[in-house]
Amino acid sequence: MATKQQIWAAAKAAFPYSSPMISGFLFLGISYGVYMKALGFDVWYPFFAALLIYAGSVEFIIAASLVSPFAPVATLLVTLMVSGRQIFYGISMLEKYGVQNGKKRWYLISALVDESFSLNYMAKIPPHLDKGWYYFWVTLFLQIYWVSGAVIGNLFGNILPFSLQGVEFAMTALFIVIFAENWMKEKSHESSLIGLGVTLFFLVAVGKENFLIPTLFAIWGILTLRRPKLAGKLARIEHNAQSEQQGVNHDA
């Protein structure tokens, strides 16, 4: 069981790691808060939606459904389609968010969004830090940014002295940076190339409005089938690298 010192050490390390997301989360959250205000909802609605639903696109869908004719089945189906990708995120995080995290895993699972998945999946955690608490604090900080943005937008969005138009690109740019960093760290680019190829194929084939779910299913299926070959390839690469290093040390 982690001590208080270990818990706060994880928090101190997680905050700067999550901080690049502040601008994107705040601005998008503010946009959501302004949208809710425009629909006539008081601040408590975006606050609890951001706190309990915590799924950006779904929150906009729910907001629209609250002022539309009652259609729970349609809302459910749209929500499942929009958030279907979370299934794949969950599968990828089974090992990291396992029972070793105790009760924290329930929060980690329920608060799994695109950004927390990206950050926690790619995190290089120093060995002296508690991994479970590190994941927890990264996830919590991200949710705090989002909830804060939603509240600020609802309370003060009408008097902000700048336009929020186009700010959503900040999150896209951040994902590009994360992908680039992962590319540079990879020993084999085969998985990344498969992902890019499949994504481009479905983007052209079915359009940007419908490509996400079939893309995720296709990537998951291809990588699952190719997992033994990819694992063998990585093992050979590591073996060759170790052999070369041993040769250099021997010559030295």
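User: What makes α2 oblique to α9?

Analyst: In this predicted model, the axes of α2 (residues 22-38) and α9 (residues 131-156) cross at roughly 40 degrees and come within 6 Å. Axes here are lines fitted to C-alpha atoms, for helices over the stretch in contact, with angles from 0 to 180 degrees between N-to-C directions. Under 35 degrees is roughly parallel, over 145 roughly antiparallel, 65 to 115 roughly perpendicular, and the rest oblique. So α2 is oblique to α9. The crossing of α2 and α9 is right-handed, meaning that the near helix is turned clockwise from the far one by less than a right angle.

User: Which residues make the contact between α2 and α9?

Analyst: Contact means heavy atoms within 4.5 Å. On α2 they include Phe 25, Gly 29, Tyr 32, Gly 33 and Lys 37, and on α9 they include Tyr 145, Trp 146, Gly 149 and Gly 153. By class, the contact of α2 with α9 has 13 nonpolar, six polar and one charged residues. For that tally, Ala, Val, Leu, Ile, Met, Phe, Trp, Tyr, Cys and Pro count as nonpolar, Asp, Glu, Lys and Arg as charged, and the others, Gly among them, as polar.

User: And α3 with α4: what makes that pair oblique?

Analyst: α3 and α4 pack at about 135 degrees, their axes 10 Å apart. That angle makes α3 oblique to α4, and their crossing is right-handed. Ala 49, Ala 50 and Ile 53 in α3 meet Val 58, Glu 59 and Ile 62 in α4. By class, this contact has five nonpolar, no polar and one charged residues.

User: Why is Tyr 54 called buried?

Analyst: Buried means under 20% relative accessible area, exposed over 50%, and partly exposed in between (1.4 Å probe, protein chains only). Tyr 54 has 6%, so Tyr 54 is buried. Tyr 54 is found in the loop between α3 (44-53) and α4 (56-66), and has a positive phi of about 45 degrees although it is not a glycine.

User: How many helices and strands does the chain have?

Analyst: There are 12 helices and zero strands. Helices (H or I, at least four residues) and strands (E, at least two) are DSSP runs, numbered from the N terminus. Buried residues make up 35% of the 252 residues.

User: What should I know about the numbering and the cut-offs?

Analyst: Residues are numbered from 1 along each chain as its sequence is written, and side-chain values use heavy atoms, with hydrogens and water left out. In this predicted model, local features need pLDDT of at least 70 and side-chain atom pairs count only at pLDDT 80 or more, while totals for chains, interfaces and linings use all residues.
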